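Hi everyone, thanks for making time this morning. I'd like to walk you through one structure, so please have a look at it on the screen.

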Amino acid sequence: MSYYDHKEIEKKWREYWAENQTYKVEEDYNKEKFYVLDMFPYPSGAGLHVGHPLGYIASDVYARYKKALGFNVLHPMGYDSFGLPAEQYAIQTGQHPAVTTKTNIEGGVDKAGNQISGYRSQLDQMGFSFDWSREVRTSDPKYYKWTQWIFKEIFNSWYNNDTNKAESIDTLVDRFETEGNANVNAVGEQVAVFSAEEWNSWDVAQQREMLMNYRLAYLADSWVNWCPALGTVLANDEVKDGVSERGGHPVEQKLMRQWSMRITAYADRLLNGLDEIDFTDSLKEQQRNWIGKSKGASVFFDVADSDKKVEVFTTRPDTIFGVTFMVLAPENELVDEITTAEYKDAIAAYKQKAALKTERDRQANVKDITGQFTGAYAIHPFTGDKVQIWIGEYVLAGYGTGAVMAVPAGDQRDYDFAKHFGIDIPNIFEGVDISEAAYAEKDAVLSNSDFLNGLDAKTGIEKAIEEIEKRGFGKGKINFRLRDAIFSRQRYWGEPFPVFYKDDVPYLIEDALLPVTLPEVDKYLPTEDGEPPLARANEEDWEVFAGDRMEYNTMPGWAGSSWYFLRYMDPHNEEVFADKKKLDYWNQVDLYIGGAEHATGHLLYSRFWTKFLCDRGYISFEEPFKKLINQGMILGRSSFVYRMLFNTNLEETNPDMDRYIRSIISPIFVSYNYKRLLVSNTGKLSDPDQLKKGELDAKMFKIEDDVQNEIKGRVNPEIYSNFKFRFSNFTSPNHVDISLVDNDVLNQELFKKWRPEYENCRFIDEDGKYICGNEVEKMSKSKYNVQTPDELVEKFGADTLRCYEMFLGPLEQFKPWDVKGINGVNNFLKKLWRLFFTDDVFAVSEGDPSKENLKTLHKTIKKVSEDLNRYSFNTVVSTMMIAVNELNEQNCNNKHILENLVILLAPYAPHIAEELWSKLGHNESVTKAAWPTFDPAMLVENSFEYPVSFNGKMRFKIELPTDLSKEEVEKEVLAAEKTAQYLEGKTPKKVIVVPKKIVNVVV
């Protein structure tokens, strides 16, 4: 084969790898390991576009590189296959999500008749070195059996603040039985002190209810993001701008009985652990902000004429003398208890309105100031003054105590609230003007603050806490923004809980009966009573059933993704989630590549579960991932057509007729260069644009007349006599499938066939061409700007695509997709191929390489190795291109040089590397070859070409060894044949020698 046939080569080596299990990995305890991991994909029916493999290619390059360096490399892949998209498809079609998911992974035809290529096929054609024998799917019962087991372990654990770790719940029960809870220092809910005698006198239900306050997985009433349209609770990161990220449905706040995970127990350790791992600073900062550690005080305010108290947490107890009102979250349980009769209706209306907003929206909305007075007053603990108690949506029930002491002088939101509702704003800062805004800095001296007068913030905080504790209405406290993670989803397609109920008390299914698998249901929707879909199952539909009923909720998607990296280490073990010896060997993930969007979701939860499993002795490390690289997004180049907007004179006089006419007028699209002139000031246009504007006006007038005439026969003559159709100066941009566009020119005939509503559309085009606009934005099926890897692999080959995606720029950066540059990378591989052939015959020489050959090779080894060690994947491709060009110029076909070149290229272009390695006479895969060793001596110059000047004018050059002395250089120059020519028989006055620079002969 004298030409580079990528199709034949890639097919051949894909089959070879599969047949020989080239990438299967075994534990070799005598060999140093390296674990490379990708964030595994959710297998949607849309399949992969060219943006998805970016991280996979980088991880594959690095895995192959480390293997060549002699490491035992684990590089697995699987599927995060539980989730909402498959369930929504099931609701629409009635097809079981398991069938949909299997088709999306393995390929086939979906229920709608669409041909699905399948993720596995797409991944395979890219030549990844994944060990598919270790594949996991989170929806596989063999996998989620162990997710259920881990849940049980978390349920059966409590967090001991004294030992600062999770322990078995049995140790807590032992303490309760012998000493009660008075001396128990645990993370959990505040409960009354009880004795051992009281504990031992309680029945099982009472004891289990008490333990729920301590368990790390527990049932409780929680405020959640409820999406009625999807029939499920959503995590904060699944809600954007008050609507669900999937589907754009409204989301509201709702109090529901939910399973939760006490991640707050690990807040400090999650913060401290960030110092031990190599994540980006921005990602670490996101996690720090999400956890939100703050020091302050918990203070209790008595409610006037009541036995109730309002607890607040404040980071600025020094400002307590500036409190003029309090604000409770609308959901705070105290609200209904303290609201006076006069304000009950207003409070109820406000609460209902606030419930329609998500917590994120309420926090983000700083412009709209809303609130409602409850009619109740609190007693200031120091002054005894009465302060109004309000509710306001900017206070959240789930953060802190769900109440704030409002200090308008020192907090801008409190200031704005007070200004809006006419509440006093006393100044508590010496020499600070608060007439226009609050003063939130900590550098002011306190005034009008009794015993705190004259103190700065730091001293004032300490003094205030001391006095608060002394007087007995509060104490110093550390608070976190992080809240316990809601762990229930009202969905079908998720891990079932290993939980059943007796008399409404939850119990765990025993290990021997796991997994609890999903039962068949008649529909994938919630029941008519609003119960989750699993409530539709009858007892006989469950393979495992106990008690009065099973748990109807399912686990969230992050359950399976929190520990999947551990299962890869021992994926077929049926006795434990992974063998301890293998866990200790593979240990932490050395390099993890994935998207930054998972910063406060998956990455935080995975760190939490890892720390828990370490506490309980199942693994020996606390952090799951040593180093994380967030790959940037590959952006698509979208194309747009511009629909002309128009006016009629019936919009106000006869709106029904106006709507009818609009419905029968086919879309009219104006070309981009005309569109930009529509809103231009014609007096400022250049001469060419003035001409173009004239053309456009003429075309628009013509179409206006045509439309006017077309309407004539379709409406009442009386209406038509008054009807006027005129284009406006504005257009509506519409995405168009990029497959219909070539170099910004729209294929008008294909466009008309693309969608039924465009069948009879008209174009205001330019000389017969419709020019589309364009914009670089997120690559998405909804924007019709998706480029699939399949067609590029077919045309150019997977090796070309792999190299090209790496060549686009630094891995971490966002970059626009432009297929034009792919030809250059393809030509690079063809040029590489030709190095191995002479006159269409494979031919390499066995002799010693030249000095130039060795210099190029070792320069390349050095640069490629250095770049890979610092994860600079794009510059490696550039370096290889330079090397191939130099070797071509040197007419190099030396076997030693080319063998090493193939090894260097193999991580990027494994198919062509395997083919050339085979042709070079090797019977084993190139993956068995050792990485070339850089020899610095090869880059040391042994000679230097001196420019020789006579009286300052350069006349010729002479190459001399670099180790010659000045005297020896002078001797060689004067003995040169050309020197005699320029001396013309004269004796030099002086010879100036600058080593490895110049020689100047003064005559």
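This is a predicted model: local features need pLDDT of at least 70, side-chain atom pairs count only at pLDDT 80 or more; totals for chains, interfaces and linings use all residues.

Four strands make up an open sheet, in the order β2-β1-β23-β24, with parallel pairing. At the edges sit β2, residues 72-74, and β24, residues 628-630, and each of these pairs on one side only. From one strand to the next, the twist averages 15 degrees. If you zoom in on β1, residues 33-38, you'll find 3 bridges to β2 in the parallel sense.

Now bring in helix α2, residues 53-68, which lies across β1, β2 and β23. Its direction is at about 170 degrees to that of β1.

The largest nonpolar core has 180 residues, and the members that touch the most others are Phe151, Met261, Phe487, Leu566, Trp609, Leu832 and Phe873. Which element gives this core its largest share? That's α2, with 9 residues. Apart from this core lies another one of 38 residues, with Val312, Ile428, Val432 and Ile465 among them. Going back to Phe873, its contacts beyond four places in sequence include Ala58, Val61 and Tyr62, as well as Met806 and Tyr908.

Next, two single residues. His49 is in the loop between β1 and α2. Is His49 buried or exposed? Its relative accessible area is 13%, so it counts as buried, the cut-off being under 20%. A polar atom of the His49 side chain lies 2.9 Å from the backbone nitrogen of Gly51. Setting aside residues up to four places away in sequence, His49 touches Met779, Val786, Gln787, Thr788 and Pro789.

The other residue is Lys862, found in helix α29, residues 851-869. With 33% relative accessibility, Lys862 counts as partly exposed. Beyond its neighbours within four places in sequence, Lys862 is in contact with Phe934 and Leu939. Lys862 and Phe934 are 72 residues apart in sequence, yet their C-alpha atoms are 5.9 Å apart in space.

Last stop: helix α11, residues 281-291. Its buried residues are Leu283, Lys284, Gln287 and Ile291. Why do we find them on the same side of α11? Because they cover an arc of only 100 degrees around the axis. As a reminder, an α-helix has 3.6 residues a turn, so residues three or four places apart point the same way. The face of α11 turned away from the buried side carries Asp281 and Ser282, which are exposed.

Just after α11, Gly292 takes a positive phi of about 60 degrees. β12 runs antiparallel to β18, and 7 bridges join the two; for example, Gly296 has Lys477 as its bridge partner in β18. β12 also pairs in the antiparallel sense with β13, over 6 bridges, and there Val299 stands opposite Val312. In the hairpin of β12 and β13, with 5 residues between the strands, Asp305 has a positive phi near 55 degrees. Finally, 2 bridges join β12 to β15, again antiparallel, with Asp302 partnered by Ile379.

That's my tour, and I'm happy to take questions!

Conventions. Residues are numbered from 1 along each chain as its sequence is written. Side-chain values use heavy atoms; hydrogens and water are left out. Two strands pair if DSSP finds at least two bridges between them. Axes are lines fitted to C-alpha atoms, for helices over the stretch in contact, and angles run from 0 to 180 degrees between N-to-C directions. Contact means heavy atoms within 4.5 Å. A nonpolar core is a set of buried Ala, Val, Leu, Ile, Met, Phe, Trp, Tyr and Cys residues joined through side-chain atoms within 4.5 Å. Buried means under 20% relative accessible area, exposed over 50%, partly exposed in between (1.4 Å probe, protein chains only). A polar contact is a pair of N or O atoms within 3.5 Å; within protein, one must be able to donate a hydrogen and the other to accept it, and residues adjacent in sequence count only if both atoms are side-chain atoms. The arc is that of the directions from the helix axis to the C-beta atoms.
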